[in-house]
Amino acid sequence: MARINTSYQKLKAGYLFPEIGRRVSKFVADNPTAKVIRLGIGDVTEALPPAIVAAWQQGVAEMGTRSTFRGYGPEQGYDFLREAIAKHDFASRGVRVDADEIFVSDGSKCDTGNILEIFGDDNKVAIVDPVYPVYVDTNVMAGRTGPSNEQGRYEGLVYIPATAENGFVPELPKERVDLIYLCYPNNPTGMVATREQLTRWVEYAKKNDAIILFDAAYEAYITDPTIPHSIYEIDGARDVAIEFRSFSKTAGFTGVRCAFTVVPKSVTAAGLGGERIPLHGLWNRRHTTKFNGVSYPVQRAAEAIYSPEGKKQVQTLIDFYLTNARLIREGLQAAGVKVYGGVNAPYVWVKTPGSQTSWEFFDRLLQTAHLVGTPGSGFGASGEGYFRLSAFNSRENVEEAVRRFQKVVS
Ligand code: MLT
């Protein structure tokens, strides 16, 4: 008898965004003339910058000519892209990341889930609450948790609340943990961690022989020059942290698919007999066994993000979404709603007005204003009573969404 991985039976009904999609599809089917504005999933809406499109097309043209055609590329990514990343994302900030410590992939969602394969099942995992649901669900799928309780928290995970009281940067865990997921600028709260706060986490990891899994998918949205873009800006982080980066939100690549993970050669964890094993070799083994690389034209498109004109065009795109975030923030504040984030991130974290739960507010907004956001409780128990709005949409839709939101809460 074939058996399923019964850990999947512990998962809650559906992944958050498909569940939202299901409710919205039903609403649209019942109300076919409603003009629904979607500020739910953080999916980009604006066209790719021309420098990126041109590089992609050039890559396709090379694939269509025998003399420049390429078959399998290096699983870890082409040198031209890894070198551009090392130079522009890290060296330019005085951070040492070598090109061969960079693993190009098709997404940070995949990488943050797949990374668990190189860690033992008995690691104690700390999860900030609220959190990007992928970190939790992939741990459940991998069998690292018990069942969930009525709040949706899984036995075996250590939840560390990020609340308004602690500025959405949680305290260090009270018990010893081995793996810690951190995401800054944060999804879903849109808040950032200061250098001092990140330094405390790196010190904790060093002291407790723990590894930080640092998701920096939104670093391009940082506007405050004092906020670190990379965990490696913190002394000692090269020994204790793996960093995930993505071109999805940086350059409009959600439908293109290209990201990368940094595994410094100096990060180690314990082997069977307690000996130190570099994680770089393990991840390289995993990556080359299970992944055949990102397509050549897409890597050329990603390389163009770092060209002089690519940089300018990408910055224009980011500024556009950041202006959307500001309009949402200011529009909601003007209506007397408490909001967080949206200054160094494309997400605005909204306190739900009155005593409505996140899902009640979701339904109210959808039914009365035809507006879609993301219920905070979908990101964890501490997200209850909050609502996330994404700044990824056209200016026209964002302005209209703000007007509709103001009407609902007035
Ligand atoms: C989100 O809305 O949280 C993100 O778009 C999801 C993702 O990046 O996978």
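In what sense do E11 and strand E12 pair, and over how many bridges? Point 2 takes this up, after the overall layout.

1. Layout. The model is predicted. Its protein chain is divided into two parts: domain 1 covers 13-46 + 309-409, and domain 2 covers 53-307. The centres of domain 1 and domain 2, taken over C-alpha atoms, are separated by 25 Å. Between them, 31 residues of domain 1 are in contact with 38 residues of domain 2.

2. The strand pair. E11 and strand E12 (residues 347-351) pair in the antiparallel sense, over 3 bridges. Within this region, Gly-341 stands opposite Val-348 in E12. As background, strands of a sheet pair through backbone hydrogen bonds, either parallel or antiparallel.

3. The sheet. An open sheet of 4 strands runs in the order E11-E12-E15-E14, and its pairing is antiparallel. Strand E11 (339-341) and strand E14 (374-375) are the edge strands, since each pairs on one side only.

4. Helices H10 and H12. Two packed helices are described by the angle between their axes and the distance between the axes. For helix H10 (residues 308-334) and helix H12 (residues 395-409), the axes come within 9 Å and cross at roughly 15°. Because angles under 35 degrees count as roughly parallel, H10 is roughly parallel to H12. The crossing of H10 and H12 is right-handed.

5. The contact of H10 with H12. On the H10 side, the residues are Phe-320, Thr-323, Asn-324, Leu-327, Ile-328, Gly-331, Leu-332 and Ala-334. They meet Arg-395, Val-398, Glu-399, Val-402, Phe-405 and Gln-406 in H12. By class, this contact of H10 with H12 has 8 nonpolar, 4 polar and 2 charged residues.

6. Helices H2 and H9. The axes of helix H2 (residues 50-63) and helix H9 (residues 296-303) come within 7 Å and cross at roughly 150°. H2 is therefore roughly antiparallel to H9, as angles over 145 degrees count as such. The crossing of H2 and H9 is right-handed.

7. The contact of H2 with H9. H2 contributes Ile-52, Ala-55, Trp-56, Gly-59, Val-60, Glu-62 and Met-63. In H9, the residues they meet are Tyr-296, Pro-297, Val-298, Arg-300 and Ala-301. By class, the contact of H2 with H9 has 9 nonpolar, 1 polar and 2 charged residues.

Technical notes: Residues numbered from 1 in each chain as written. Predicted model: local features only at pLDDT ≥ 70, side-chain atom pairs only at ≥ 80, totals over all residues. Heavy atoms only, no water. Axes fitted to C-alpha atoms, helices over the stretch in contact; angles between N-to-C directions. Helix = DSSP H or I, 4+ residues; strand = E, 2+ residues; numbered from the N terminus. Parallel < 35°, antiparallel > 145°, perpendicular 65-115°, else oblique. Left-handed = near helix turned anticlockwise from the far one by under 90°. Contact = heavy atoms within 4.5 Å. Nonpolar A, V, L, I, M, F, W, Y, C, P; charged D, E, K, R; others polar. Pairing = 2+ DSSP bridges. Domains from an automatic or database assignment.
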